[in-house]
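Subject: Structure handover

Hello,

I am passing on the structure below, followed by notes on what was found in it. Please read the notes with the model open.

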Amino acid sequence: MLIGYSRPSTMDPNCEQQNALLYKMDCVKIIEETHSSSKNRQALEQLLNDLKPDDKLAVAKLSSLADSLPHLLELLTTIEEKGAFFLSIEEEIETEIDNHSPFRNHLRHILKFERDTISSKTREGLKEAKLRGISAGRPKIPDENIKLALTMYQSKEYSLSEIKTKTGISKSTLYRYLGNQKINSLEKGN
């Protein structure tokens, strides 16, 4: 059974364009998402749960179905595990014809390429920043501020918000330093 899926977008807020393409493909039924958000897509979840072997899920374009390459790969894997097929009209992708794997394999390679490219650019950027004397990560908190925050906390005269205002040290950072202080005193005692 050919089942269409559409989701509102800024270019097609009422899914009219998508649905017109899906009707032209002779979809037996069209499942329409009520919102464009990537979260809580109940219509898609239900559609995936109801897929039977040899069903075909059709979309007007890939962006109607997935929000990222990893998400697309995850959904295609789910469709394949159900023994069903996938059709994207605009991109002319049909897993029934290419027997699932070739498109998914290409997608995996593209995803790996994207990750490798981002990772490489990040490393290059960090290296260049280091050469210019810029350190990566969060700025180091001055030791005086840490000592003051610990003293204020241990005096029990200040609230956490007052400590943060005066020293710039957040509650979680303060607790981390308090934990380190306890660990260091335990190590010195042994």
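What percentage of the 190 residues of the chain count as buried? The share is 32%. Please keep in mind that this is a predicted model, and that the values in this message are computed from it.

Overall build

The chain has eight helices and five strands. Read from the N terminus, its elements follow the order β-α-β-α-β-α-α-β-β-α-α-α-α. The radius of gyration is 27 Å, whereas the globule rule gives 16 Å for 190 residues, so the chain is more spread out than a compact globule. The C-alpha trace spans about 75 × 40 × 40 Å along its principal axes. Among contacts with a separation of 6 or more, 63% are between residues 24 or more positions apart.

The sheet

The five strands make up an open sheet with mixed pairing, in the order E2-E1-E3-E4-E5. Its edges are strand E2 (29–32) and strand E5 (93–94), each of which pairs on one side only.

Going through the pairs in that order:

- E1 and E2 are parallel and share four bridges; Ser6 stands opposite Glu32 in E2.
- E1 and E3 also run parallel, joined by four bridges, with Ile3 opposite Leu57 in E3.
- E3 pairs in the parallel sense with strand E4 (residues 85–88), again over four bridges; Val59 has Ser88 in E4 as its bridge partner.
- E4 and E5 run antiparallel and are joined by two bridges, with Leu87 opposite Glu94 in E5.

The hairpin of E4 and E5 has four residues between the strands, and Glu92 there takes a positive phi near 55°.

E3 is covered on both faces: Lys56 and Ala58 are buried on one side, Leu57 and Val59 on the other. E4 is likewise covered on both faces, with Phe85 and Leu87 buried on one side and Phe86 and Ser88 on the other. Helix H1 (residues 16–24) lies across E1, E2 and E3 and runs at about 170° to E1.

The nonpolar cores

Which residues have the most contacts inside the largest nonpolar core? They are Tyr5, Leu48, Leu57, Leu65, Leu72, Ile79 and Phe86, in a core of 22 residues. At least two residues of this core come from each of strand E1 (2–6), helix H2 (42–50), strand E3 (56–59), helix H3 (62–65), helix H4 (69–81) and helix H5 (101–131). H4 provides the largest share, with five residues. Another core lies apart from this one; it has eight residues, including Ala149, Leu150, Met152 and Leu178. As background, nonpolar side chains tend to be buried together in soluble globular proteins.

Phe86 touches residues from several parts of the chain. Leaving out residues up to four places away in sequence, Phe86 touches Lys56, Leu57, Val59, Leu62, Leu65, Leu76, Ile79, Ile93, Glu94 and Thr95.

Ile79 sits in helix H4. Why does Ile79 count as buried? Buried means under 20% relative accessible area, and Ile79 is buried because its relative accessible area is 1%. Setting aside neighbours within four places in sequence, Ile79 is in contact with Leu48, Leu51, Leu57, Ala84, Phe85 and Phe86. Ile79 and Asn49 are 30 residues apart along the chain, and their C-alpha atoms are separated by 9.6 Å.

Where to look

To find your way around the model, the five-strand sheet is a place to start, in the order E2-E1-E3-E4-E5.

Regards

Notes:
Residues are numbered from 1 along each chain as its sequence is written. This is a predicted model: local features need pLDDT of at least 70, side-chain atom pairs count only at pLDDT 80 or more; totals for chains, interfaces and linings use all residues. Side-chain values use heavy atoms; hydrogens and water are left out. A nonpolar core is a set of buried Ala, Val, Leu, Ile, Met, Phe, Trp, Tyr and Cys residues joined through side-chain atoms within 4.5 Å. Buried means under 20% relative accessible area, exposed over 50%, partly exposed in between (1.4 Å probe, protein chains only). Contact means heavy atoms within 4.5 Å. Two strands pair if DSSP finds at least two bridges between them. Axes are lines fitted to C-alpha atoms, for helices over the stretch in contact, and angles run from 0 to 180 degrees between N-to-C directions. The radius of gyration is taken over C-alpha atoms; the globule rule is 2.2 Å times the number of residues to the power 0.38.
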